[in-house]
Structures are given as C-alpha cells and as structure tokens.
Amino acid sequence: MTSYHAVFVYTPYSKIDAMPLAPALLKAICNQHGLKTTTLDYNIELQIDYKDKPWAGDLVSYLMHFVGMPTEAYDWYWNWVEEKAKELINLNCNWIGFSLLSYQSLCFTHDICYTIKKLKPNQKIIIGGSGISKDDNTRVPFKKSNKYMSDIMLETGMCNAIIINEGENVLIDILKNNKTGKFNAGKQLTHEELNQLPTPSYIDYKTDLYKDNSKIFHLTEQAVAATITGSKGCVRRCTFCDVYSFEPKFVFKDGERIADEMIEIYETQGITHFMMSDSLINGSMKAFRQMNTALAKRLPRTINYYGEYIARPKGQTTDEDYHLMAEAGCKHVIVGIESGSEAVRNHMKKKFTNEDIDIMIQSLHKVGITQEWNLMVGYLTETRKDFEETMELVKRYKDIKFPNMIVNPTGILHIFPGSPLFDTHLRQLDIEFENIPAEAVGLKWDFWFTKQNPENTFENRVSWWNELIDFCYAHDYMTEYRYNTKKHLAKRCIEEYKKILQK
Amino acid sequence: MIQLTFDIIENNKLPRGKIILNDNVLHNNFYDFTTFDIKPNVGSNILQITLDNKIEKEDTVIENNKIIKDVCVVLKEVKCMITKEILTNLDVSSSYATDKGEQLKTYGYLSYNGTYTFNFDYPFFIFQKNKLFYQ
C-alpha cells in the first residue's frame, strides 16, 4: 500500500525566489480528484546545503552546463543525490514527479532519476515542465542520435512518463491509470481553462527554508512567498526570447480571479508575499488594473507581490495605475530594459523609448516600488558605443540608491532555437555559430558571430559583460553575492572557451 | 540497449567463452558473431567477457617477432543504440584477469584465457559524467 499517489519535486537548478508553483498547482489539481500528494523543493534544499562550500560555484556550473567539478564536490553531490533518492523512495509514493523549470534542471533530473532507478528499478517516475517540454538535447553529449531528450529518458528507462507542455489536463489520467509514455496536450490552456485552475496548495513546503534563505525582493527582507500565475505567453515578441515558441498566445486570467487566489492563499495558508510567474505582470493592462483594484479594495497594503514588468509607451500607464499598484501591495518589479541604446532596443522590438523608461523609473520610485533592471550585453547589433549608452543609463539614475534600484547584468546574448533571431533572422543577419562542443561552459548558443558586426565577438561580449558587472557593483547596484556569482561565471566562460580553442 | 562489437580472430578454430551481464550468462559458446546486444539496468552494471579455449602453443603463431596467426576476441566498440554514444577509454573502469592470475591492461583485447570485466553505469550519459573521466 502506498502512502501517496504522488510526490511532486521541484528540481535544481534555478535561482531561489518564491516557493515554486508547479508542484503546488499539481497538488491542488490532485486534491480536486481525491489523490493524496505532497510537494518538495530540492532546488532550495540543495542550494542551502552547498552555499558555504568552497566549490559551490563549480557545482552550479555542473548543474547548469554539465561540466566537471572537483572530486570533493563530486563526492559530496552524489552522496546528496543518493540521500534524496532514498528520501523519495521512503515516502512510498506510487509516482515520483519531477518538475523542470528549464534546461538547467536537466542535469540534476538525470542524476536523481538514475539514482532512484538504481535503488528501486520499478519506482514509477513522471517528468514535466518547460525543462523537458522544449526537448532540448543540445546540452547533452548525444546530439548525434537526433532524438529528443524526452525519448532518450523514456527509452533508457530513466523515467516512465513525460508530459510535454501543459500537464494540467492529462496528469490525473496518468496517475490514476498508471499510464506510461510521452503525453502532449498539444495546446495552450485557454482563458477559461486558466481561470478554472484551482488555487495552488503550498501547505506541504518546508516554509522555514524560504524564511531564512529566500531574499524574495532581492533585498535584505527575507520572507516566504508563494508563486502565482496571472498569464501565460507574452504580449511582446522580443527577438532574443523564445516564449512565443512554446506559449504562442498571450492568455490571462481575469484580474479578479488572480486577486481571489492571493487572498485565498493569504487566508488559508497565511502567506503574505507573492511572486508572479508571468512573462509580464502588466501584459494585459485590463487584468492588471482589475487585480490591483480588487486587492486595493479588499486587502489594502496587506499582501506584497512582485513580478516582471514592461515599460509601456508613454500614456499607457497613468499615475493612478502606479498608485493603485502600491496600494494593492506591489513592492518590486523586474524590468527587462536590456540596453541603454534605443537603436539596440528597437532592433530587439522592446517597443519603449528612453523617455518611456524615464517616466517608468521615476513613477515607480515616487510610489515606493523598488525596481530591478535586467541588462543584456552583446546584443547582435550592439557596438561599443551602444554598450557605453547602457553604462550611461545606469549612471543617470545614480540618485536612486540600492535597494530602491537594483541592476542585474544578466549575461550575454544567447541566440537559441525558438527565438525570432534564430528561427527567422539567421540568414538575413549573417549569423553563424562557432564549432564549439555542446558540453562547454556557457550555452552552445553563446558562440555566434556575424560579419555585420565584427567587433561583437564572444570574447568581447564577455569582456563587456565583465565591465558592466564591475560598473554596477562599483555603483552599489548589486549585492556582493550576485557580483561574485556573475564574476565566477564570466571567468569560467572565457577560461573554458580558450581551453576549447587550444584543443 | 547496448551493442558490443567484436573482432573475432580465428586460427583453425573460433575463440570460445562467455558473455555475462550482472551475473547472468547471456552467451556460452564459440564467438561466431561480431555484434552482440545486451540490455543493461539503469545504474551500475558488470559485463564479463571470457576466453576459455585458447592453447597458446598451438593457436599463436609468431614469425619474426610478429604474431601472424592467433585465436582471440577483441572488444572493439560499446555503443548505446538509443543515444548513439560510444564508450572510449574502456580500460579506465575495466580489468582483465588471466587464468594464470595476471592482471593485464588489454584495451579490450582478450588474447589469453581469462575474464575481461568491464564496470559501467547506464545510461552512458550518466557514466560519462563520472569523475573517473575528468580526473
């Protein structure tokens, strides 16, 4: 007799933010059908356990990019994986489910599935989430097989079932009837289906882990936050982004429904902080206003939320909107500004000017909402002059101090499948890829070049990135932890690249 | 599924022996084939290949310090038919014990009566991450 129908586990590696949504939502769906389940977040557990180890950065590189690590890290990590495999087996579940946020969750998922099957060959395992749905086999050393990652996992016996794309409609059938194989719902959830999803259940997560470790607003404040989804897809189609390839339609919940979910979680689970998983929380101004109005009316300045936000063209967001956001509990927004150069942003199809950015920055600051900018380095058309405009932008707002403003130099441009740059512009923009083995540090899709912008080489891009990291740190716009992590990654990118070129 | 590819070298007779996977004898006779499929477990596996019918004085013919005729089995390739990965560096995790009690490095070459033992993890993309390969 099993104790649970399923345990849903969120797998490393991703940045620690709020309690992850997928296991909590799957648990809620199972609750509706009378299935007993529980949830675990191994992403935060692993990161807490290694954070003070001297080789922590090497382990992160391994998890993200499948590269080797020091022996001490290797032994520690595999012991950790084995302990967790035993923990899961001892839960005595009919199914163990792994939720993969991105390809960076694949490495760990391979290792844990391998260890579970080694210890208990007949344990049923199901895998889902974007990390497997994109079927990206570019990061593993068997691309010659021309097989999708999902097929490789099933055929080698590492798991029993895989859900591609939205799992909400097929999960129950698999769990109840022990179905095996690959399942693809084949379509995005509709507006109605999204509205009908149950409120996620966060009650089984070990909340103390987040209280002590999750700097949910990237500030000093630490709290337990739940993840909420208001929409799927995106209203923009930025040239470097692949969201459109797996969520082609922008579908959103009614604003009232989003507010209902937050209030229900607050009232039943005692959670006051929320992270919104939307590509853009203000993708639909209608739903965003509805949500803020409902929250401001029913629970003014009680709960806090944050999420990804877009600078809209002048006039589309009013002063009243900013006040409403603050009243509803919006504490922090992350804005994909990407570049200080209008020319670069126009090419990206970001659709906002420097004036739009200025209005947004000042308006957010005025109502006390903190802001974090994501900046990308080495965009396809970016020149040294464009790059300097990005540094100028950072300098221009030096009067807004950390943590009211945080700058995140996220990384260099990846041109990967699913993005318009890769899918439609390669030939037109003369983009070619260097012949770099896929297992190298950094994505395979980092190593591109174009004759149309010869100064934008991989080495130059990383060098500019390094410069921007130092610049932002010198201007107190990032934490020491983020600074060290970024510097380590940039250093390894260049070291590994040079090593490969020498071979 | 893993495919083993052999070079079979005969001198008036075929080499003979066993193929054993995780203590299960899958073959026990002459090596009259060049490929052989095995189905490993997810996890650790032990593959043993033996040679048991060689009579050195009769089967190995040497002229001018060169072996011109012999009876032996050479494990040429270990390939996962699902991922198309081919294992190299077979000696990193293998041993060859002859019936005379010697331990030899053979690079997959079985030219004495004895047992070649190859320890590997499956799938290979997990095995390839083993620290053995990057130390």
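The model described here is predicted.

**Backbone features**

A:Arg301 has a positive phi of about 45 degrees although it is not a glycine. Its place is in the loop between α13 (285-298) and β11 (304-309) of chain A. Chain B holds another non-glycine residue with a positive phi, B:Asp23, at about 70 degrees. B:Asp23 belongs to the loop between β2 (16-21) and β3 (24-30) of chain B, and it counts as exposed because it has 7 C-beta neighbours inside 10 Å. Most residues other than glycine have a negative phi, and most peptide bonds are trans.

One joins A:Phe402 and A:Pro403, and A:Pro403 lies in the loop between α17 and β14 (405-412) of chain A. Another joins B:Tyr122 and B:Pro123; B:Pro123 is in the loop between β13 (114-122) and α2 (124-127) of chain B. The backbone values are set out below.

| Residue or bond | Feature | Value |
|---|---|---|
| A:Phe402 and A:Pro403 | cis peptide bond, omega | about 5 degrees |
| B:Tyr122 and B:Pro123 | cis peptide bond, omega | about 5 degrees |

Chain A is divided into domain 1 (4-192) and domain 2 (215-427). The centres of these domains, taken over C-alpha atoms, are separated by 28 Å. Contact between them involves 13 residues of domain 1 and 13 residues of domain 2. On the domain 1 side, the touching residues comprise five nonpolar, six polar and two charged.

The largest nonpolar core has 174 residues, of which A:Met19, A:Ile127, A:Cys159, A:Ile162, A:Ala226, A:Phe274 and A:Val407 touch the most other members. At least three residues of this core come from each of domain 1 and domain 2 of chain A. Leaving aside residues up to four places away in sequence, A:Ile127 touches several residues, including A:Phe98, A:Leu100, A:Thr109, A:Cys159 and A:Ile162.

A:Thr11 is situated in the loop between β1 (4-10) and α1 (21-32) of chain A. A:Thr11 counts as buried because it has 29 C-beta neighbours inside 10 Å. Among the residues that A:Thr11 touches, with those up to four places away in sequence not counted, are A:Tyr42, A:Asn43, A:Phe98, A:Leu100 and A:Thr109.

**Helix packing in chain A**

The axes of helix α17 (residues 384-396) and helix α19 (residues 458-474) of chain A come within 11 Å and cross at roughly 10 degrees. Angles under 35 degrees count as roughly parallel, and α17(A) and α19(A) are therefore roughly parallel to each other. A:Phe387, A:Thr390, A:Met391 and A:Val394 of α17(A) make the contact with A:Trp464, A:Leu468, A:Phe471 and A:Cys472 of α19(A). Seven of these contact residues are nonpolar, one is polar and none is charged.

**Contact between the chains**

Chain A contributes 18 residues to its contact with 15 residues of chain B. On the chain A side, α4 (71-90), α5 (106-119) and α7 (149-155) each supply at least two residues. The largest share, four residues, comes from α5(A). The chain A side as a whole consists of eight nonpolar, six polar and four charged residues.

Technical notes: Residues are numbered from 1 along each chain as its sequence is written. Chains are lettered from A and ligands numbered from 1 in the order in which they are written. This is a predicted model: local features need pLDDT of at least 70, side-chain atom pairs count only at pLDDT 80 or more; totals for chains, interfaces and linings use all residues. Axes are lines fitted to C-alpha atoms, for helices over the stretch in contact, and angles run from 0 to 180 degrees between N-to-C directions. Angles under 35 degrees count as roughly parallel, over 145 as roughly antiparallel, 65 to 115 as roughly perpendicular and the rest as oblique. Two residues are in contact if their C-beta atoms, placed from the backbone, lie within 7 Å. Ala, Val, Leu, Ile, Met, Phe, Trp, Tyr, Cys and Pro count as nonpolar, Asp, Glu, Lys and Arg as charged, and the others, Gly among them, as polar. A nonpolar core is a set of buried Ala, Val, Leu, Ile, Met, Phe, Trp, Tyr and Cys residues joined through C-beta atoms within 7 Å. A residue is buried if 20 or more other C-beta atoms lie within 10 Å of its own, exposed if 12 or fewer, and partly exposed in between; C-beta atoms are placed from the backbone. Domain bounds come from an automatic or database domain assignment.
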